[in-house]
Amino acid sequence: MADVGPTITPAEMADLVESLGTIGEQPGGGIIRHVYDPAWCAAREQVATWMREASLEVREDAVGNLFGRLEGDSPRTILTGSHIDTVILGGRYDGGLGILSALAAVRGLKQHLGKPRKSLEMVALCEEEDSRFHGNFWGTRGILGLIGPEELEAHTDANGMTIADAMREVGLAPDRFRDSVRTDLDAFVELHIEQGRILFDEHVPLGIVDTITGLYRFRVTLEGRTDHAGTTPMDLRRDALQAAAEFATRMTRLVADVGRPAVVTNGWWDVRPGAWNIVPGHVEFSVDLRHPDEAIKQRLAADIRQLGQDIAAQRGIAIAYDIASDVLPMAMHPSIKAELQAAADRCNVKWMPMVSGAGHDSQVMASGVPTAMLFVPSVDGRSHSAAEYTSPEDAARGATVLAEALRGLAY
Ligand SMILES: [Zn+2]
């Protein structure tokens, strides 16, 4: 094994980000690149062209993940990459930067060191964001064999098109979805933007993820009574919105008191009947609670549910909960994580351990493949927005550490 891997330059990363970032970009800014749409096809074609130019073996699987492979002495494979789809009016870096870093790292390693011991492969995963179909992590779930056959007809987009038909439209054979399953993967490494502001505020150029946070989501329904807004005295009302507002305020305080990294969000509200002159009788709202420690997450969820019951009882209002998801925190693989840490140290790049508050392909991949993640800073913590930005210098540092870690794993 040679002493050192390739150094990726800021200019190389800036150039790649600029080229991919214009695909699917909208006139007012922001990218729309949803799975199986024309911009998605064009972006994949661009990545395939780069991979062919680097003499990687290019292949797509049955669900539309795109791979570029550098065959090693062993068929066992080290995989790196991220997702190519975006949210609606997303930025240039979420997902995209992980693919571009993988490209820069793998082609740099090939030029620098030639044939690896283990096979080295980059991937543009087809879907992560859940923006067109509610089938998120479609690409990663395809690789792990976690797609159920009923999903092909069950997931539909806003126009009523099934995911199976959308796949056919781009030349994929949905019936062959099981062909995507891989059993040759020894590791998956994903570089991603932080999408928060901790690295930016701390002036640290690299995060190495310990755990991807656990998630508990439920819908709250409060049923009071609709009454006339002018004739019903305050002391006789059963106002569902007042109960909901008190509940939301007090649960927020409860979670804030626990401190970082606990977070809770009430992102959507539905207030009925929704008129100037009617006391709201029916309110539904969402609770999205996250914590990387499963025991704390469950305790907070129980405390929040109890709080809601107490408030509703005091106000004479019925309350019901409907659990939407309960996802376990996912620890990154110790030895792959150690490889990333050692690589950052060898590259003299300062890093800090981090919890990921967002979901990623890596959390699904980790259920079947030893997985670890690198974070690079998001300026101002902006993400899922056209304002998303990571400097070429930070992108290059991240890609260089990625290359060095892949060297450790594959050469
Ligand atoms: Zn992402």
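H83 lies in strand β3 (residues 74-83) and H192 in strand β5, so the pair ties together parts that are 109 residues apart in sequence. Strands are DSSP runs of E, at least two residues, and helices are runs of H or I, at least four, with numbering from the N terminus. H83 is buried, with a relative accessible area of 1%, and H192 is buried with a value of 1% too. Buried means under 20% relative accessible area, exposed means over 50%, and partly exposed is in between (1.4 Å probe, protein chains only).

A word on what you're looking at: this is a predicted model, where local features need pLDDT of at least 70 and side-chain atom pairs count only at pLDDT 80 or more, while totals for chains, interfaces and linings use all residues. Residues are numbered from 1 along each chain as its sequence is written, and side-chain values use heavy atoms, with hydrogens and water left out.

Strand β5 leads on to helix α10. The buried residues of α10 pack against β5 (185-193), β6 (206-212), β13 (351-356), β14 (371-376) and α12 (392-410), where contact means heavy atoms within 4.5 Å. The helix covers residues 334-346, and its 13 residues should span 18 Å at 1.5 Å a residue; the end C-alpha atoms are 18 Å apart, which agrees. That expected span is 1.5 Å times one less than the number of residues. I336, K337, L340, A343 and A344 are the buried residues of α10. Looking down the axis of α10, you'd find them within an arc of 120°, so they line one face of the helix. The arc is that of the directions from the helix axis to the C-beta atoms. The general rule behind such a pattern is that an α-helix has 3.6 residues a turn, so residues three or four places apart point the same way. Just after α10, N348 takes a positive phi of about 55°.

Buried in α9 are K297, L300, A301, I304, L307, G308, I311 and A312. Seen down the axis of α9, these residues fall within an arc of 125°, so they line one face of the helix. On the other side of α9, A295, A313 and Q314 are exposed. The cover over the buried residues of α9 includes β7, α8, β10 and β11.

A pocket is found on a 1 Å grid over the protein atoms alone, as an open set of points where a 1.4 Å probe fits, with protein on both sides within 12 Å along at least five of seven lines; lining residues have an atom within 4 Å of a point. The largest pocket is lined by 43 residues, with T213, R290, G357, A358 and G359 nearest its centre. Two or more lining residues come from each of β7 (214-223), β8 (263-265), β10 (282-291), β11 (318-327), β13 and α11 (361-365). The largest share, three residues, comes from β13.

Most residues other than glycine have a negative phi, and most peptide bonds are trans. A cis bond joins R260 and P261, with omega about 0°, and P261 sits in the loop between α8 (240-258) and β8. The bond from R272 to P273 is cis as well, with omega near -5°; P273 is in the loop between β9 (269-272) and β10. H203 isn't a glycine, yet has a positive phi of about 55°. You'll find H203 in the loop between α7 (198-202) and β6, exposed with a relative accessible area of 67%.
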